[in-house]
Amino acid sequence: MADTKVEGPRGLDLLTPLADKVRVRGLDPGDATLLTDHLLRLPARDLSTRFHGGMSDDSVRSYVARINWRDTLIFGAFIEGQLRAVAELILPARGAEGEVAVSVEAPFQRMGLGRVLVLAAILAARRVGLQTIRLTYQPRNFAMRALAAELGAKSAGESQQIDGVVRILQRGENRPGA
Ligand SMILES: CC(C)(COP(=O)(O)OP(=O)(O)OC[C@H]1O[C@@H](n2cnc3c(N)ncnc32)[C@H](O)[C@@H]1OP(=O)(O)O)[C@@H](O)C(=O)NCCC(=O)NCCS
């Protein structure tokens, strides 16, 4: 019989070292202030990579105020009760491609929160019948580039921006004999 013993982290620890501290849940309009505060805590550089351009505090507030919560599924990662990272899945008005944007506060980066949240968004996208999701980032955003590659995104891009497209396995597609 094959040796199935795994050394090191197991379960959710394989995805994030914050496994025993993180709580992931969907956000709703009642969380708008938490979301605004999270975005305002991002350093200017990260805010700009998240929004593909500079954002003032007021632009952040009006961005959150204008979110169409019916067509936007937002997942948040809470550490000790504070919202520290977010993935937003924007559902298309037409077609079957969603868009995902993600932000992780600087002290919590490189701890798997982006990975866990984008995975949640991909699985939600599958449940609502999307076929692909698109992650858009600048070519020098090596963190996002690596995260997109880890999630199996195919990159198409030019000098200004890269689109990482993740094809979503459809229900039934992975059944034996399907
Ligand atoms: C891009 C971003 C979301 C990544 O989130 P994160 O939680 O730090 O990333 P994770 O810890 O989940 O990383 C998952 C994998 O991506 C890769 N990765 C993440 N950050 C990396 C970095 N700085 N350098 C190289 N690879 C990196 C690694 O392969 C990593 O796995 P590993 O740590 O086990 O090696 C985060 O850096 C961020 O919020 N940046 C500012 C906003 C932004 O650029 N958003 C993207 C455009 S919408």
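A residue counts as buried if 20 or more other C-beta atoms lie within 10 Å of its own, exposed if 12 or fewer, and partly exposed in between, with C-beta atoms placed from the backbone. Glu 80 is exposed, because it has 8 other C-beta atoms within 10 Å.

Here's what you're looking at: this is a predicted model, where local features need pLDDT of at least 70, side-chain atom pairs count only at pLDDT 80 or more, and totals for chains, interfaces and linings use all residues. Residues are numbered from 1 along each chain as its sequence is written. The H and E labels below are DSSP runs numbered from the N terminus: helices (H or I, at least four residues) and strands (E, at least two).

**Around the ligand**

- There are 22 residues around the ligand, and Gln 109, Gly 114, Arg 115, Ala 143 and Ala 146 come nearest. A residue makes this list if its C-beta atom, placed from the backbone, lies within 6 Å of the molecule.
- H5 gives the most, with six residues.
- The shell splits into 11 nonpolar, six polar and five charged residues. For this sorting, Ala, Val, Leu, Ile, Met, Phe, Trp, Tyr, Cys and Pro are nonpolar, Asp, Glu, Lys and Arg are charged, and the others, Gly among them, are polar.

**The nonpolar core**

- In soluble globular proteins, nonpolar side chains tend to be buried together.
- Here, the largest nonpolar core has 37 residues, and Val 86, Ala 87, Val 100, Leu 117 and Ala 121 have the most contacts inside it. (Such a core is a set of buried Ala, Val, Leu, Ile, Met, Phe, Trp, Tyr and Cys residues joined through C-beta atoms within 7 Å.)
- Elements giving two or more residues to this core include helix H1 (32–41), strand E2 (72–79), strand E5 (132–137) and strand E7 (162–167).
- H4 supplies the largest share of this core, seven residues.
- Which residues does Val 86 contact, leaving aside its neighbours within four places in sequence? They are Leu 35, His 38, Ile 74, Phe 75, Gly 76, Val 102, Ser 103 and Leu 117. Being in contact means that the two C-beta atoms, placed from the backbone, lie within 7 Å.

**Two helices side by side**

- H1 and helix H3 (residues 57–65) pack at an angle of about 150 degrees, with their axes 10 Å apart. Axes are lines fitted to C-alpha atoms, for helices over the stretch in contact, and angles run from 0 to 180 degrees between N-to-C directions.
- On the H1 side, Ala 32, Leu 35, Thr 36, Leu 39 and Leu 40 meet Asp 57, Val 60, Arg 61 and Val 64 in H3.
- The residues of this contact of H1 with H3 are six nonpolar, one polar and two charged.

**Single residues worth a look**

- Glu 80 sits in the loop between E2 and E3. Its phi is positive, about 45 degrees, although Glu 80 is not a glycine.
- Arg 110, in the loop between E4 and H4, also isn't a glycine and has a positive phi near 60 degrees. Arg 110 is exposed, because it has 10 other C-beta atoms within 10 Å.
- Gln 82 belongs to strand E3 (residues 82–90). With 14 other C-beta atoms within 10 Å, Gln 82 is partly exposed.
- Leu 169 is in the segment after E7. Leu 169 and Leu 123 are 46 residues apart along the chain, and their C-alpha atoms are separated by 9.4 Å.
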